[in-house]
Amino acid sequence: MKKILFLSIATALVANVVPHDEAYYTKKVRNTELIYTEQNIPFATQAAEVEMLLQPLYEDKFGYKMDETLHVGLTSEYNQVANGFSTQSPNNRQINYIGGAIMVDYFSSTSWLNTLLYHETTHNYQLNAKDNIISSSLHTVLRNGVFFIPWFTIPNMVESSFLLEGNAVLNESWHGNGGRLYSGRFKIATLMQAKAGYLTPARVYNDNFFFLYGTHFYTLGGFYQKYLAKNYGLKKTNSYWREHSQDWYWPFFTNNSMQRAIGVDFESSFDTWRKEMESEAENVTLTDGEPIATSQYFYPLNGDKDEIYFIINENARTQPDLVVYDKNSSKTTKDSDSWLAGKVIKVSKNSYMTQASSHTSPWRIYEGLYDDDALILEQSKGKIIQGYLSDGRSVYFDVAKSYDQPQLYIGSKFYDVVNSSVYIDADDIYYFKQKGKKRTLYKNREPLFSLSGYYSYVSGVDSKGDVYFIANTKYGSGLFCYKDKKFKRVSSADTIIDARLIDDKTALVATMGSDEFTYEKIALEDIDEAPYEEVLFVENEPYYRKADISIHHKEIPKIDKEDNYYSFLNMNYSSTNFAMANSDDAGLLFNASVNFADPLMQNSLSVFAMKNADEYILGGASYSNSQYFLQYSLSAYGIIDRPDVNSSVDTSDERDFGITANATLPFINAGKYNASLIGSYYQDYESNSRTPISLSLSMLRAEQYGVSMYPYSFYSIKPYFSVDRDDNAYGGSAKFSHNIGAEWYISAKAQYSQSDAKSAVDSRGIKISKSLISKLTDSDPTTIVMESLKDTSYAKSATDAGVTLRSVFNLSAYFFTFPISLRRESIFATYNYFGLESFASSDIVDINEAQAGIIFDTLWFNALAIPVSMKYIYNDNSDIADESSFKVSLGFAF
């Protein structure tokens, strides 16, 4: 039996903005390069003001200055995503997207843009730290590249998101802009985990698949960091990142790093915080209502006079359900479909859509209303629809104008700047506005009342005109009413995070649990209690920045269109990557590259050298461009060394150097659908003669939800045509997979390739290859892959068909100190049929192949997800394939 070990290491570079985007401009502000569009000049000016004052503050609180310019990208209105990210690769940079108004009730802050800047710049200071001679010395040569071991140059890159995101939530919350530490939803999420005994280092420190699904990094992590800063000070808490970066050789000494930073090790401080949370959780009051539905994710409630409707996902792995509750009959209906998760808006009778963000074409991402096939309502593009008035006018946030705060429009006319979602009752609209910490409820531009805080949104208006809203309680989030100019608490529960009235006496509420969200019907109470004011300790600290303090700075340059951002010319040296592996057959394998890229990742260039499992040693350069409609890549390589061959083998067909080229023209990317026209030219490094030029049409539909290991459904068809010298080849492939229930999946594939070549001399015909790890992707779509193949061969025609059955088991074992955790596993069985037509005979050689294996989804060092696959392959044709082989593979990306 042949044994093979594969180690796959990937450094993927993907553009951060859509192709054919607006023109960008740049401006240097202190140690920051702003990248922005003409439309975003006012927001870039705001970002310049923030960064001018923020970075000196962070240099003080984190205890060091960054060693690279910080590139801050403010994306155009064609990239409407409610997110931002920070990274050290390929540059010290952050990209901030424009679509945050869709999550206005989630962030509990005044300005979306400022929240992004406070949060993402925290990540830059966390990750850029290199307080050791090795990392700082490597940086002078490699910049932020990877040398052999990923963390040698950036030690903090492997730290758990529990500390990374939690610390960023802390640092977003002390600038007078609110923040998620003011959120009642965040507080009750933390307390409910404490109530269930889930606050353990092994559970929270790892990227697990338990309820909260990664959001625990922000909720639990934020409140842990709040505890640290309150008890040990913000400066000591933030110094952890500088201290942690000292352990460049093994940056997994969390206890030691925390000990050096605050004087107490991580596990001891965590245990003290856990006890505080568990003690506080004893005071939480739960609901006692009639359950209507449960969900693993929270999606807001909405409704009208007859119905309440919302989206749920009961297991975080399959299609979402639209739930409609009939107020008159108390009946509930569910409709599973390809919904994009979000707040449901009823656009007409029995027609529902969801607020969401998605591609509407290969070149645009819009927020708007999406139907049950994830396709956008055309007139809703760029609008976060809140609802409709009786005359049909839409009430919405204009996304392009809401980079800072939501800009409310009715029809085509601007209405107001708001700081919460909008509730529509007949033709009356209700919303909150924020000024400093004062939060005021408005009805049709008229103020009704004010409270102190950042967390509140309207949930209903009863028949008497009394307004119901969600706001902070002392131990979480609750439902309140403003009645007769007085506040009333209408439920004693601290777990209510959304509500809609059924009538004046009952409501349907969304509640936070320890293992799921529950939507339940409750009776309303009458309690004399006002919303609780969440006062963070930072408000009494000298560094707390109140929102009414002017942040204008005389040294800020004018933000204008003077300096164009040319992505090709803005490529700069970004990193050097080096990785190694070992193979019993090929010996030492390696992949080294020197990389250049622009901050928006529209252009990238790398100079590389590598040795593959096929024993070829190659060197060369590759360039890719995703800036325009036509996306392309070019590679040029030379053969440094080739495997030893038997003296009887003809070596006249050996190639010394070659090129590859790929071009992709995507023309559909909307909903679950994707289609692209792909052209390629490939000079095969195994054969000097083989130079196929190929054209293929890729069409697919794919659905994947939540934390599912495999797609819920996948359909693809790919016809292709190829010309190699004077030989023509054609064919096509098709793939299908679908969830069949209980995390069982069935998939099938078929491929057929036919060539009109007369013989296999000079590597003509259909290439039969085994799967290889290579930087130079074989761009010939006619190639048939047979994993157990001994040596590359060629056929006149070839058929490949197969079926696979997979099952996922969620047996897990998480550890804090032990370096490897198990998250889940999947077993699979595959049957493949190959029909090969040789040039010597028209007879088809039938080959049967069976595979069985298991995949372990492992998490290494609490942060690195590494799938470990083991499979046995049996092939009944020992002439061209290994009869029995066993393969073990693992791989990760950085």
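Visitor: How do the residues of the lining of the second largest cavity divide into nonpolar, polar and charged?

Guide: Please keep in mind that this is a predicted model. The lining of that cavity has six nonpolar residues, seven polar ones and one charged residue.

Visitor: What volume does the second largest pocket have, and which residues lie nearest its centre?

Guide: Its volume is about 790 Å³, and among its 32 lining residues Gly303, Asp304, Lys305, Tyr309 and Ile424 lie nearest the centre. Elements that give two or more residues to this lining include strand 8 (302-303), strand 12 (344-348) and strand 19 (423-425). By class, the lining of the pocket comprises 12 charged, 11 nonpolar and nine polar residues.

Visitor: Why does Ser173 count as buried?

Guide: The relative accessibility of Ser173 is 1%, and buried means under 20%, so Ser173 counts as buried. Ser173 is placed in the loop between helix 5 (161-171) and helix 6 (184-195). Beyond its neighbours within four places in sequence, Ser173 is in contact with Gly178, Gly179, Arg180, Leu181, Tyr182, Leu536 and Val538.

Visitor: How do you know that strand 17 and strand 18 pair?

Guide: Two strands pair if there are at least two bridges between them, and four bridges join strand 17 (residues 407-410) to strand 18, so the two strands meet the condition for a pair. The two run antiparallel, and Tyr409 has Phe414 in strand 18 as its bridge partner.

Visitor: What makes strand 15 and strand 18 the edge strands?

Guide: The open sheet has four strands in the order 15-16-17-18, with antiparallel pairing. Strand 15 (383-388) and strand 18 (413-417) are its edge strands, each pairing on one side only. On average, neighbouring strands of this sheet are turned by 30° against each other, direction ignored.

Conventions. Residues numbered from 1 in each chain as written. Predicted model: local features only at pLDDT ≥ 70, side-chain atom pairs only at ≥ 80, totals over all residues. Heavy atoms only, no water. Axes fitted to C-alpha atoms, helices over the stretch in contact; angles between N-to-C directions. 1 Å grid on protein atoms, 1.4 Å probe; cavity = no way out; pocket = protein on both sides within 12 Å on 5 of 7 lines; lining within 4 Å. Points joined across faces, edges and corners; volume = space filled by probe spheres on them. Nonpolar A, V, L, I, M, F, W, Y, C, P; charged D, E, K, R; others polar. Buried < 20%, exposed > 50% of the residue type's maximum accessible area, 1.4 Å probe, protein only. Contact = heavy atoms within 4.5 Å.
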